Structure formats: C-alpha cells, structure tokens
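Dear colleague,

My notes on what was found in it follow directly below.

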There are 2 protein chains.
Amino acid sequence: MDVTQDYILKNKQRFLDELFELLRIPSVSADSKHKDDMVATANFICNSFLKAGADKAQVMQTDGHPVVYAEKILDPSLPTILVYGHYDVQPPDPLELWTSPPFEPVIKTTDIHPEGAIFARGSCDDKGQVWMHVKAFEAMVSSSELPCNVKFMIEGEEEVGSPNLGPFCRQHKDLLKADVILVSDTGIIANDTPSIDAGLRGLSYVEVEVTGANRDLHSGIYGGAVANPINVLCEMIASLKDANKHITIPGFYDDLLELSSEERAALGKTPFDLEAYKQDLDINDIEGEAGYTTIERTGIRPTLDVNGIWGGYIGEGAKTVLPSKAYAKISMRLVPHQRPEAITALFQKYFEAIAPASVTVKVKPHHGGKPVVVPTNSLEYKAAEMAMKKTFGKDPIPTRSGGSIPIIALFEEVLGIKSVLMGFGLDSDALHSPNEHFGLFNFYKGIETIPYYYQYYSQLKK
Amino acid sequence: MDVTQDYILKNKQRFLDELFELLRIPSVSADSKHKDDMVATANFICNSFLKAGADKAQVMQTDGHPVVYAEKILDPSLPTILVYGHYDVQPPDPLELWTSPPFEPVIKTTDIHPEGAIFARGSCDDKGQVWMHVKAFEAMVSSSELPCNVKFMIEGEEEVGSPNLGPFCRQHKDLLKADVILVSDTGIIANDTPSIDAGLRGLSYVEVEVTGANRDLHSGIYGGAVANPINVLCEMIASLKDANKHITIPGFYDDLLELSSEERAALGKTPFDLEAYKQDLDINDIEGEAGYTTIERTGIRPTLDVNGIWGGYIGEGAKTVLPSKAYAKISMRLVPHQRPEAITALFQKYFEAIAPASVTVKVKPHHGGKPVVVPTNSLEYKAAEMAMKKTFGKDPIPTRSGGSIPIIALFEEVLGIKSVLMGFGLDSDALHSPNEHFGLFNFYKGIETIPYYYQYYSQLKK
C-alpha cells in the first residue's frame, strides 16, 4: 500500500478542494425546495467515481432522491466490498447560530482540532466521510493496489430515514452482491483513541398533534375553562417518563436484551471523563436514567427525546392566544431487540390513552430503524481493527454508538450482508447542529486507513 | 337624539366603507415591520376626527407607536367623556387558517350573524369598535345633539401591553381631564342578551427560556445522557398545575379576593348553555379548575396558559436533534386583588426553583395589568345600562369578563377617572384568532347606543 499512501500524500490539497466543492451544494433531503441540489450532488459524486477509475457509475432513480451506484470489478473470484454512504445532509437551521455559512466550507482551528477542521453542513455527516472513500478508491486504482472488487451505493435519503433504500436493495439484489458492507458514518472516541462501533441504536420517530378547540381562542375569554393544547401536550410529554427517567410506556422495555454484568463491565472500560464532558457541553449536571452510566445511557439504553415542539404564538412580543393545536416531534432510540414498528405502536396506543377528553390527539409515525450489533470476533470487524491499528498505532476500542443508521439492519435482512462501521468523526463535531465540522486529521486519517481495510479484509477472506 | 339616529341610518353604508378602508391597513403593533402601517393608521383616524367635527385632533408621539388625541369642548361647565380605544391589532397568524385574507375585509354571514359580519383582523378588536365611536360622534355633531364635551385617546399598543400609555397619561394629565372614560373593547353575551363588563381580569405575561447544552446535539450520541430542554420545559410547565388544575406556584392565591356565596349565586344567573358551548368549540369536554363553573373559571378565577411554545426542529420531515434551548410564552389572568408585579415575581422565583441542575432557565417578564371592578351602582355603569336598555329593549346583565385591558386600572391610578366597559362584540367573534369578525348588527347597534350613553350620562351627572 506504499504507492497508494504516497499518492494520497501528494494529492492532499486537491482532495480537500474537491470536498469543498461538494459541500457547497446544499443537499438537504428533508426540504423539498432542495430537490435540484440533490440531483446536482448525485451527479457530482457519480462523475467523481468515473474520474477515480470506476468501470461504471450511474445515478439511479428511486421514488425519492436518487442513489449513486458505482463499481470496479477486477476479478469475480476476488472478495467484493460494498461501500455505503449518504450524500444528503441535515437541515442547517438554526442558521443564526452558525459562525460561518453552512454551505460555504472554511477551515478553522478548534481546541480539539488544532490542525484545523472543515466547517460546513455535511463535512462529517456524511459527505466528508463519503469523500474519504472516493479518494481512497482513486488512490488504490491509480497505484494499481486495489486488492479486491468494490461497489459503491451512496444514497440521498439517510437523514429522512432512507424510505426508498429498502425497495432499491430488493430491486437490485444481484447488482449489490458483496461480501461485506463498509460504512463510514460514525466516529471514534478521540483522535488518539480509535474505536469501532460494535452496535447502533435503532429509532422510532413520531409526530404528535394535540387539538383543543376548533379555532384559536382569546385566552382571556376562554382561558381557564377550555383545555389549552400546549399545556396538555406538556403534561402528556412529562408523563412519558417517571422520576427515574424511566420511560412509562407500557411494554416499552419488554423486548430489551439486558447486557450481562460481564458485558457491562467491559463497556465500563471505555475512557470517559465526566468533568470534561460537562465542561464541553457547558452544563452543571448530566441527566438520565437512574442506575446507568453515561456510556450506558447513550449506548445500551433506549431513550425518548422531544426533537421539536411548537404551538401558539412564537413571534416577537406577546400574544394572548389559546391555540387550537400544539405539535411535537418525538424520537425514541432503541436497543436490541426492540422493534421500531412495535415501539411506535406502543407509543401511539399509550399517547392516545393518556389524552384527556378535552382534546383529540393524532400520532403520525415517521421513519424507524432496527438496532444493530456487529460481533467483535467477526472477520469484517477484525479487518477494521487491523486497519485502524496500522494507521493509529493502537488497538481501537469496540463501542456502542447511540446513533442510528436504520438501513444497516435492512442490509442484513434484504441483502444478507454484514456491515462494519468504521467511521472517523468525533462526537464533538456538532453533527446535526450548527457549526458541524470534520477535523483535517480525521479526513486524511480516513483516506489513509480505508486502503488497509481493503487489504486486510481481502487477506482474511482468502 | 332623533336627528342623530336619522343621520346614522342615512349614512350606514358610508360608515362601513370607511371602516373597510381602516381595516385594510395592517396595524400589527407586535411586529416591528409594521411600524409605517401604525403611523398610517394613526393618521387615518386623526383625520377622521377632524372630518367628524373635532375642534382639534393630533397624532402624539410616544416612545412606541403614537396616540391619536382629539377633542370637542362645547362648554367647560358640561361633563366631559373621554373615549379610549386602540387602533393596533393582534398578529394575524396562523395565516393559513383564514378563509379570506386578514387585511382584506369582506362581509360573510354566519349562524350567529345571519345579517352578515365583517371579517378582518381588528374588525371587532378594536378598530371596528373605535369606528363606532368616531361615527357616533360625527352623527351627534352633525345633528347638533352632542350633549357634553368629548375627548378621544386612541392608542396603538394595547395588544402589546400599552407600555407607553402610562407615561403618556402622566405627561398629559391636564389634557386628559374628564369625568368618565368610556371604553368599547369588550362584548355582550349575545345579540339578544346585552351585557356590560363589571370586571376585567388582570394579566401577568412572561417568556421563559430553558437551556441545556451549549449547542444543539445529535440525539443519538447524547440522547438519554444529557437533559433535553424541551422535555424539561414540558415537565416544568406540567408541574405548574396540580391534578385539580389548581396553580401550584406558592403564594399565587394569597391576595385573591374570594367572592361571597351571594355574589357567586348572582353570577350563576348568567345564561350559559354547556352543550352549545362545547358544540361551538367542537370539543368533547371542557377542562378547568375543580369546584368552579365555566362562567367562574373565565370570570372570577385566575388562569395559567401557555400562549406559545417552541424549540428544536419544527420544519418539514424528521430531524433527530437534541436542542440547546426551548422557549415558552406563558400568561396568567389575574383577579382582584392579585398584583401583576407580585405574581410575575412569584412565577419567576418558583420557575427558577423547580429547574433541575441539568439546565439553566431565564424568565423575562412581558407586560402586566391589574384586574378591575366596575361597581354596578356607579353613575357611569348606570348610564351604560340605560343606553343599552334603550337600544336593545332589555336590561343588560352585569358580567365579569375574562379578558384584560391592563390600562383601565392605570387610568384610575394616574388620571383618577373611572371607566365604563360598554362593548358590542361577541365571544364567538374569533378575537385574536383567524377569521376575526364583527357583526353588522353589533357595529350599527354600537353607533346607535353610544349617543344615548352621552345623553344619559350628562343627565345623571347634572
């Protein structure tokens, strides 16, 4: 891999310039006004695969945003790695909290990234990590050091729950045939503490609507006598957890696989500095389920969080309205073996049951995703462990990520292929937040590590 | 008053056309982008007083939106009536719920207004009712039947708590000298059931901000381990009332003057049809403080309502953000002798006390207003009673309105003048809501009744 690594070193600046170009396209999948930007981004990535040396690359239509597919088949008898990533990004709002515009990438230094980091929406999640793969591939092809076949499937709907990737996989099962799926959409513990995600939480996401009277009312004339849907919604949300922050939905924990005390002890070895954590977030205290550590709360325990709430008058000044409706977006992170459809149904049943007679409620399910576990003794995990050890100089720690990549469970179900989650971001990179960034160290470390994954996986697979 | 009434009949259509013109100016005081519209509205009203026969009329500056002042002094020895009203309106949102644009008035019939009603923001609250006064004045002057001196003070900040009217009154005490203040900014029970407000609730209005981490976080990575300010805000709001919908803020009820059982019995005679009430609002059940009737809940009991709430992602689709901040606008309607400053302070103290250590909270007081009682045996009340009996053909019922006109208490304090609340709207007129309207019956009944108030008040005052 020396020729490959040398090629990477020599082309560093160009790789970055190209990524900047990609980050400038606002590929926000949740917002229909960015439909054209989604197509432009897909075309950009498709062309980049051809330039990098793919045999073929194409933008493939779905019922939503398109999927970019590319491949290079050296020899059908060699192992095949399928790389999955996504080119869509989260909405950038609240815009006023960005210190530079979200779609005008710039390099800025931070305490954690003294060598500089790329500030832009999608820099880490996931355009920057997709670009590591495109460039690692280019380097291997250009150096004639590609040790196996490779396929790429880069979708445009991950941030909205990949509603069309299931059908896409079912329709193109043959095309997507591979030995392993390699995904870089997660992170490491720190730049000097590499880690690999051995598990991902699942997700159930709902939107709720609480309706009181059939119209907005004057709070002076009706206040006190008619249910206020905002007050009611707050009471209903408050009652979804008890004083121990245990979720109160009946049956919620029924399918949950409790970890053994050995497994919990192993997880307890993850380095964690509570004071540094609180300082980074600027909070006086943490908050979570009684009886579990922070690492456990974010890795092996399910959650219920309100991701958005709105109702009544939210403009400048004061308005004494008693609104007709109030809304919330609520997500639940799930762990094995909780099933998103079942949890969504339990939520809906309970939420409807606790609504007082003075209001009506609607629960609208959004996307869901199953939780995932990647066994640390599997071949695909081992190859990632070896690759990271090679480039970081130390063994990566297996972690349980709190995030969800719902499609991973689907890959196994539909395509019958295991995934490995070798990501290079940091938790502090402000994913989904204003000022998302991706360390230059991390970007280049990813490009450097990926070719070794190819090498070790091909060797182990023999 | 026959010549006056005849003049009104002959000019009905013109009065309405002029009101339409006034309603077309979007005088939203809460929104700074309507600053020029506020000035245009003030000028429109100022000119209308001059045309109607005022000796003088002027737009007077304040630190906020201007006040329109006008007067006609026949003889200093005659009684002087000061008419108060406001030309500003509530914000029209949510716009999508209006069946016709809020600033394009149209006449539509409703079940309650088969003769037609004027649909527009401000049609009832309070531009339409101000216009009744301008036109009644015009009719009396034109007919040479004005029995007393009259002054007008029409402000532009009622909907934002009249922050500059107190200073204005203090500065112009002499100019505003009068025997009584006549206000039409309330309503009657029904078009066949006239009533006069013998009391108004006061108001305390606060905006709260709950902050968790210093930035929006990925709910997968941090969810379950860090306080979510939306969940926390919901829990805090829920804890502001107990299961009986009694407000839990310590000291909240301390200054409240309980009504005697005789007074409650008298109030109990107010006609009220619960089934019709529920049907009109399209609700299955009412909700309010245990132990009190709907009339009591809206008239003699204090309330706590969330008028607006927002936080996190509220756009299209799903975003798994754990937001840094959540906000709510909360108002409390007050009854004698609760004092707004004291209640706001109690709220703030309690809200800060119940905040968990995992968040920080800020409480920002908006405007407040003292509750008001108008004795039914007072001269100013009697004159209104006689005027309404004359035009409705039956005795008006004294009611306690749930709404607040904070400035009424201030008038008494600063100017030493009692007010009388003779309004002509209906509770069902959608004040502060989409599709606000004002019955043509009510508009003309107001113009017809006001001259009699002048007549009877002048007679009683002699």
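**Notes on the model**

B:Ser144 is exposed, since 9 other C-beta atoms lie within 10 Å of its own, and a residue is called exposed at 12 or fewer. Please keep in mind throughout that this is a predicted model. The backbone at B:Ser144 deserves a look as well, because phi there is near 55°, a positive value in a residue other than glycine. As for its place in the chain, B:Ser144 sits in the loop between H4 and strand E6 (149-155) of chain B.

A positive phi is also found at A:Asn435, where the angle is near 65°, again in a residue other than glycine. This residue belongs to the loop between strand E17 (419-421) and strand E18 (437-439) of chain A. Is A:Asn435 buried or exposed? With 21 other C-beta atoms within 10 Å, A:Asn435 is buried, as the cut-off for that term is 20 or more.

There are also cis peptide bonds to examine. In chain A, such a bond joins A:Asp125 and A:Asp126, with omega at about 5°, and A:Asp126 lies in the loop between strand E5 (117-119) and helix H4 (127-142) of that chain. In chain B, a cis peptide bond joins B:Asp125 and B:Asp126, with omega likewise about 5°, and B:Asp126 is located in the loop between strand E5 (117-119) and helix H4 (127-142) of chain B.

How the two chains are arranged can be stated simply: a rotation of 180°, with 0.1 Å of shift along its axis, superposes chain B on chain A with an RMSD of 0.1 Å. The two copies are therefore related as by a two-fold rotation axis. Both copies use the same surface, in that 100% of the contact residues of chain B recur in chain A.

Once its neighbours within four places in sequence are left aside, B:Leu233 is in contact with B:Val210, B:Gly311, B:Ala326 and B:Ala328. As general background, nonpolar side chains in soluble globular proteins tend to be buried together.

Key: Residues numbered from 1 in each chain as written. Chains lettered and ligands numbered in written order. Predicted model: local features only at pLDDT ≥ 70, side-chain atom pairs only at ≥ 80, totals over all residues. Least-squares fit on C-alpha atoms with pLDDT ≥ 70 in both. Contact = placed C-beta atoms within 7 Å. Helix = DSSP H or I, 4+ residues; strand = E, 2+ residues; numbered from the N terminus.
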